[in-house]
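Please read the numbered points with the sequence and the model in view.

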Amino acid sequence: MNFPEDFLWGTATASYQVEGAVNEDGRGPAIWDTFSHAPGKVYRGDTGDLACDQYHRLEEDLDLMAEFGIRAYRFSVAWPRIQPEGSGPANQRGLDYYRRLVEGLHERWIEPMLTLYHWDLPQALEDRGGWTSRETSERFAEYTDIVYDSLADSVRFWITLNEPWVSSWLGYGVGVHAPGHRSTSKALAAAHHLLLGHGLAMQEMRSRGNPGGDNQLGITLNLSPVRPSRDREADREAARRVDGQANRLYLDPILRGSYPQDVLDHYSSKSDFSFVRDGDLEIISVPIDFLGVNYYMRHMVREDAAETDDVFSSARARVVIPHGVQKTAMGWPTEPEGLTELLLRLDREYTKLPIYITENGCALNDYADPEGCVNDEERIAYLDAHLRAAHEAMAGGVDLRGYFAWSLLDNFEWAEGYSKRFGIVYVDYPTQRRVPKTSARWYADVIGRNGLKG
Ligand code: FCB
């Protein structure tokens with residue numbers, strides 16, 4: 001099963017999850033520093049203070065990727081390294097670090113894919129309202145301008161935001177992520193200001209021309225097909241509302257220039273949407289060059305009018321795990337066919353743009369055996385099945401250009417701390433030793449053959 005000649009085989013990480021060095025070279029505090037240090041927010045009180053220490057082990061990690069023939073690395077820039085207070089002049093030492101990273105990639109023939117925002121908002125901006133405030137969208141465009149100015153000549157792929165759904169709903173709606181607010185109206189305002197920030201950042205980058213010659217600008221959304229758990233009108237309606245909150249609230253403004261009316265109607269008792277100003281949707285829908293898609297699972301939902309902790313409670317729904325489906329250590333159902341379904345829907349309903357799967361992977365209870373090997377056959381099966389599903393979508397006409405395994409390394413899995421391991425490389429945290437799992441060797445093989453066996 002072959003993939004196109006220039007298919008981009010990559011792995012992904014994010015700054016706060018791997019870098020550590022939170023007090024070095026002028027980095028300012030991020031909302032995840034505050035949140036993870038607050039008691040009871042992250043499993044076992046884990047923080048990103050050290051994480052995988054990639055800030056100091058950069059060469060080793062770059063060598064690891066080179067060893068496995070990885071063609072592209074998706075990483076994120078920590079905004080508080082560039083602007084410690086979220087505004088004002090650039091901190092040169094922060095820019096220098098990413099320059100080193102990008103040069104190190106080029107030396108190894110690895111294509112950099114840069115995410116400008118993977119959730120580590122400068123705390124100083126959160127103190128002024130964070131993403132509930134329009135000011136943050138404007139600050140984000142200024143920050144983008146600094147980073148683009150510094151790296152646009154050597155980074156081809158630019159992603160404005162990672163998963164604005166997670167930032168808005170987990171961070172401001174149900175509070176399981178930083179900054180930890182629990183308010184539907186705040187989540188809605190955050191969603192809009194994230195989208196606006198994306199649009200303003202796009203405009204900023206576009207206005208710089210194309211310093212690298214062939215720069216590609218886009219955004220990464222986490223998307224999930226949604227199904228009703230029972231063949232009933234109430235559950236079908238619940239599925240429509242969840243699809244609205246999770247998928248269409250982001251896809252429609254970016255790719256169609258409008259908010260979905262049923263979502264606005266559903267949330268009208270929570271917000272008057274007065275934060276949406278004339279002209280915003282034109283900004284949000286400025287053309288992108290590619291769409292990044294993170295796929296982990298499908299959502300099966302049923303109606304539930306009670307107020308619960310479920311992330312879809314505000315959509316009067318809750319998630320149901322289908323019977324008999326395999327689950328990962330996160331408790332997420334493994335449903336590779338959902339990826340085919342999702343990609344075909346995007347192609348049919350939203351866009352013919354090139355698509356990159358910017359994240360896909362699974363957490364397992366990995367451990368090093370007495371010989372020091374980490375045998376993760378289940379991860380191999382997971383990745384294999386999802387690549388097959390992606391291939392099927394390509395056969396159905398989807399213009400899929402690349403795939404990034406989440407993650408290169410085990411890392412700080414947000415509210416789950418270090419308890420959930422997603423890497424194709426195992427990290428022994430006490431020693432920071434990297435141990436490639438069986439899946440890393442398998443992935444190297446896939447890349448080498450540019451496809452799957454059989
Ligand atoms: C995604 C995040 C990424 C990682 C994976 C497991 O939602 O973008 O940082 O935590 O989930």
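1. Setting aside neighbours within four places in sequence, Asp347 is in contact (heavy atoms within 4.5 Å) with Lys352, Gly397 and Val398. Asp347 belongs to helix H13; helices (H or I, at least four residues) and strands (E, at least two) are DSSP runs, numbered from the N terminus. Asp347 counts as buried because its relative accessibility is 15%; buried means under 20% relative accessible area, exposed over 50%, and partly exposed in between (1.4 Å probe, protein chains only).

2. On the basis of the note: this is a predicted model, in which local features need pLDDT of at least 70 and side-chain atom pairs count only at pLDDT 80 or more, while totals for chains, interfaces and linings use all residues. Residues are numbered from 1 along each chain as its sequence is written, and side-chain values use heavy atoms, with hydrogens and water left out.

3. Helix H13 (residues 337–350) also meets helix H10 (residues 233–256): their axes come within 12 Å and cross at roughly 45°. Axes here are lines fitted to C-alpha atoms, for helices over the stretch in contact, with angles from 0 to 180 degrees between N-to-C directions. H10 and H13 are therefore oblique to each other; angles under 35 degrees count as roughly parallel, over 145 as roughly antiparallel, 65 to 115 as roughly perpendicular, and the rest as oblique. The crossing of H10 with H13 is right-handed, that is, the near helix is turned clockwise from the far one by less than a right angle. On the H10 side the contact is made by Asp243, Asn247, Arg248, Leu251, Asp252, Leu255 and Arg256, and on the H13 side by Arg345, Leu346, Glu349 and Tyr350. By class, these residues are 4 nonpolar, 1 polar and 6 charged; Ala, Val, Leu, Ile, Met, Phe, Trp, Tyr, Cys and Pro count as nonpolar, Asp, Glu, Lys and Arg as charged, and the others, Gly among them, as polar.

4. Beyond four places in sequence, Leu251 touches Leu221, Leu223, Arg256, Leu291, Leu346 and Tyr350.

5. Leu58, Leu62 and Met65 of H3 meet Tyr97, Arg100, Leu101, Gly104 and Leu105 of H5. The residues of this contact divide into 6 nonpolar, 1 polar and 1 charged.

6. The largest nonpolar core has 149 residues, and those with the most contacts inside it are Trp32, Tyr117, Trp158, Leu346 and Tyr443. Helix H9 (residues 184–206) gives the most to this core, with 10 residues. A nonpolar core is a set of buried Ala, Val, Leu, Ile, Met, Phe, Trp, Tyr and Cys residues joined through side-chain atoms within 4.5 Å. Apart from neighbours within four places in sequence, Tyr443 is in contact with Trp9, Gly10, Thr11, Ile70, Tyr403, Ala405 and Ile424.

7. The peptide bond from Ala178 to Pro179 is cis, with omega near 5°, and Pro179 lies in the loop between helix H8 (164–173) and H9. Another cis peptide bond joins Trp406 and Ser407, with omega about 10°. Trp414, although not a glycine, has a positive phi of about 50°; Trp414 is buried, with a relative accessible area of 3%.
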